[in-house]
Amino acid sequence: MSQSHYIGLDVSARTVNLCIVDHDGVVVHERKLSSDPEEIAQHILSLRLPIVRVGLEAGMLSQHIFGRLAESNIPVVCVETRHMKAALAAQLNKTDRHDARGIAQMMRVGLFKPVHVKTPNSQRQRTILAARQLLRNKLQDVENEIRGLIRNFGYHLGKVTARDFEPRVRELIAETDLESVADALLLARRSLREQFGRLDDIIVRRARHDEVTRRFMTVPGVGPLVALTFRATVDVPSRFTRSRTVGAHFGLTPRKQQSGEVDRNGRISRWGDEMMRSLLYEAAQVLLTRVKRWSALKAWGAQVSRRRGHKKAIIALARKIAVILHRMWINGTEFDWGQRPETAAPSV
């Protein structure tokens, strides 16, 4: 009977350290390869060893390498970064070679936490969403720089709409030596706004042309951005066996510390996808403060707000929205607004 073998891959920008151990943990093969997925796959296949598991850390190149190894029917696993870092922290000397050995041993003993590798369609959607967020952040940076620049000379911009921002700035600095600097910054702002608008339009079109995201948008507070981000981030809904675990996946559940007689809940963990967590928080805030139509979901959030405060209610509502979106996706249903309870008749 042939022995089982396990492979660890330590991936860097240009090279990959490969280590193979047998079922007893003995290193049987090591090699330094380029980060080309084709070369890695061909090298593993050329060894003609019974490979049980190949592990690599989640990172920038991991999706590309994972996809190529999976196409070659190599049993590859992508491992959660924080979990792997904690497991490798016990090493006396940290080198790429030692990391590859450590990953191989983790594969052998099953000491790892696998992560979902997104499908190509999800990766494309996430690229658009990430680019939009980048432009939004840079646009905010430029506007803040303009505000700070003119404030140093005694001008206060105040609250203005996005459309009135540039005319107001030009009005304040007219006939000053700041005009040339402001021109450059305002031109950059105008270009950022234009490209940001283009990506926004793409997101709206994609959300409206997708049956799943259209159903998501029946939830009050959930618009095209939240719907498309949720679809791209979850990617495969069946990977969550229970809808209630989705909130924890996005870091919206409190940390728990329990040891002996100590048992306390802390703030939310903030693990998982930061973009999705922020958008769910915004959707919950819109639902609780701007949506006028009654729903059982809003009534529940208002009740939590009265009992535990507004901020905790927003987080609880964001978590509940994530659970509802996942359940709608699994069941193929639209949002249920619920039946508004009738007010009790006045007693005679």
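Author: In this predicted model, the residues Asp99, Ala100, Gly102, Ile103, Ala104, Met106 and Met107 of helix H4 are buried, and the buried residues of H4 pack against strands E1, E2, E4 and E5 as well as helix H3.

Reader: What makes the reach of H4 close to the expected one?

Author: Helix H4 covers residues 96-109, which is 14 residues, and its C-alpha atoms span 20 Å from first to last. The expected span is 1.5 Å times one less than the number of residues, and for H4 this expectation is 20 Å, close to the span found. After H4 comes Gly110, with a positive phi near 80 degrees.

Reader: Why are H5 and H7 called roughly antiparallel?

Author: Helix H5 (residues 120-151) and helix H7 (residues 179-208) pack at an angle of about 155 degrees, with their axes 9 Å apart. Angles over 145 degrees count as roughly antiparallel, and H5 and H7 are therefore given that description. Their crossing is left-handed, and the contact of H5 with H7 has 16 nonpolar, two polar and eight charged residues.

Reader: How do you know whether Asp177 is buried or exposed?

Author: Asp177 lies in the loop between helix H6 (165-173) and H7. Its relative accessibility is 66%, and exposed means over 50%, so Asp177 counts as exposed. Between Asp177 and His209 there are 50 Å in space, C-alpha to C-alpha, and the two are 32 residues apart in sequence.

Technical notes:
Residues numbered from 1 in each chain as written. Predicted model: local features only at pLDDT ≥ 70, side-chain atom pairs only at ≥ 80, totals over all residues. Heavy atoms only, no water. Helix = DSSP H or I, 4+ residues; strand = E, 2+ residues; numbered from the N terminus. Buried < 20%, exposed > 50% of the residue type's maximum accessible area, 1.4 Å probe, protein only. Contact = heavy atoms within 4.5 Å. Axes fitted to C-alpha atoms, helices over the stretch in contact; angles between N-to-C directions. Parallel < 35°, antiparallel > 145°, perpendicular 65-115°, else oblique. Left-handed = near helix turned anticlockwise from the far one by under 90°. Nonpolar A, V, L, I, M, F, W, Y, C, P; charged D, E, K, R; others polar.
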